[in-house]
Amino acid sequence: MKQAKIRDWLEIVGIFAVVVSLVFVGLQMRQTQEIALAERGWNNMMAEMESRSAIYEYPDIWAKGNAGETLNPSESVIYTMLIRDFNSLQFYRVSSFLALTGDESAMDVIIGDTSGFLFENPGARREWEALRATFRRYREPHVPGAYSSRFEEQVRAQLARLDEMHRSNK
């Protein structure tokens with residue numbers, strides 16, 4: 001009888017220890033996610049600053065290219081790379097956020113920023129469209145019918161909405 005009570009108490013203590021350890025693991029996981037989100041934010045900020053430093057280096061080319069003005073061959077190469085960097089930054093911001101959180105609603109801000117910039121800058125939009133066409137042209141032969149970019153689709157959908165709003169406001 002006494003031995004059964006001791007066994008019952010030991011079982012209760014064991015269950016309590018398992019529950020406490022699970023709570024501890026849960027707290028550790030939440031802290032790890034918070035640290036990862038903070039690091040992602042820092043990395044995004046650093047990537048944006050690095051991207052802007054290239055624009056600071058070539059402000060005249062950036063302004064002419066965004067306005068859709070004619071660029072000489074050297075300026076065109078620089079502008080193409082600036083837009084490619086912009087595209088990559090936005091794409092990886094979306095990808096890293098989704099990989100870390102799985103929350104698709106927050107990426108609407110990035111899609112909105114991207115499409116808004118392209119909508120307001122016709123030269124950037126043309127260059128972005130050419131870049132995306134190049135991606136499709138060179139990727140499609142390797143994976144026929146499978147090239148799809150959700151990022152691109154969502155930016156295009158938002159651009160179509162902005163275009164429609166602009167037409168209806170005229």
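1. The core comes first. In this predicted model, the largest nonpolar core holds 19 residues. Trp-62, Tyr-79, Ile-83, Phe-117, Leu-118, Trp-128 and Val-155 touch the most other members. Five helices each supply at least two residues of this core: α2 (59-67), α3 (73-101), α4 (107-120), α5 (122-139) and α6 (150-168). As background, nonpolar side chains tend to be buried together in soluble globular proteins.

2. Leu-118 shows how the core is joined. Setting aside neighbours within four places in sequence, Leu-118 is in contact with Phe-86, Ala-124, Arg-125, Trp-128, Val-155 and Leu-159. Two of these partners, Trp-128 and Val-155, are also among the core residues that touch the most other members.

3. Now the overall fold. The protein has 6 helices and 0 strands. From the N terminus on, the order is α-α-α-α-α-α. The radius of gyration is 25 Å, well over the 15 Å that the globule rule gives for 170 residues, so the protein is more spread out than a compact globule. Along the principal axes, the C-alpha atoms fill a box of roughly 95 × 40 × 35 Å.

4. Buried residues make up 25% of the 170 residues. Of the contacts with a separation of 6 or more, 64% are between residues 24 or more positions apart.

5. The protein exposes about 11,700 Å². Carbon and sulfur atoms supply 61% of that area.

6. On charge, there are 20 positive and 23 negative side chains. The centres of the two sets lie 5 Å apart.

7. Look at Val-94 in helix α3. Is Val-94 buried or exposed? Its relative accessible area is 5%, under the 20% cut-off, so Val-94 counts as buried. Leaving aside neighbours within four places, Val-94 is in contact with Met-107, Ile-110, Ile-111 and Phe-151. Met-107, Ile-110 and Ile-111 fall within the range of α4 (107-120), and Phe-151 within that of α6 (150-168). Val-94 and Phe-151 are 57 residues apart along the chain, with their C-alpha atoms separated by 7.6 Å.

8. Asn-87 is also found in helix α3. Asn-87 is buried, with a relative accessible area of 3%. Which residues is Asn-87 in contact with, leaving aside neighbours within four places in sequence? They are Trp-128, Leu-131, Arg-132, Phe-135 and Phe-151. Phe-151 is a contact of Val-94 as well.

9. Helix α1 covers residues 2-57 and includes Ala-36. The relative accessible area of Ala-36 is 22%, and the buried class needs under 20%, so Ala-36 counts as partly exposed. How far apart in space are Ala-36 and Leu-131, C-alpha to C-alpha? The distance is 31 Å, for a pair 95 residues apart in sequence. Leu-131 is one of the contacts of Asn-87.

10. Pro-141 sits in the loop between α5 and α6. Its relative accessibility is 57%, over the 50% cut-off, so Pro-141 counts as exposed. Pro-141 and Leu-27 are 114 residues apart along the chain. Their C-alpha atoms are separated by 47 Å.

Key
Residues numbered from 1 in each chain as written. Predicted model: local features only at pLDDT ≥ 70, side-chain atom pairs only at ≥ 80, totals over all residues. Heavy atoms only, no water. Helix = DSSP H or I, 4+ residues; strand = E, 2+ residues; numbered from the N terminus. Rg over C-alpha atoms; globule rule 2.2 N^0.38 Å. Buried < 20%, exposed > 50% of the residue type's maximum accessible area, 1.4 Å probe, protein only. Contact = heavy atoms within 4.5 Å. Areas by Shrake-Rupley, 256 points an atom, 1.4 Å probe, with all protein chains shown as cover. Lys, Arg positive; Asp, Glu negative; His and termini not counted. Charge placed at Lys NZ, Arg CZ, Asp CG, Glu CD. Core = buried A, V, L, I, M, F, W, Y, C linked by side-chain atoms within 4.5 Å.
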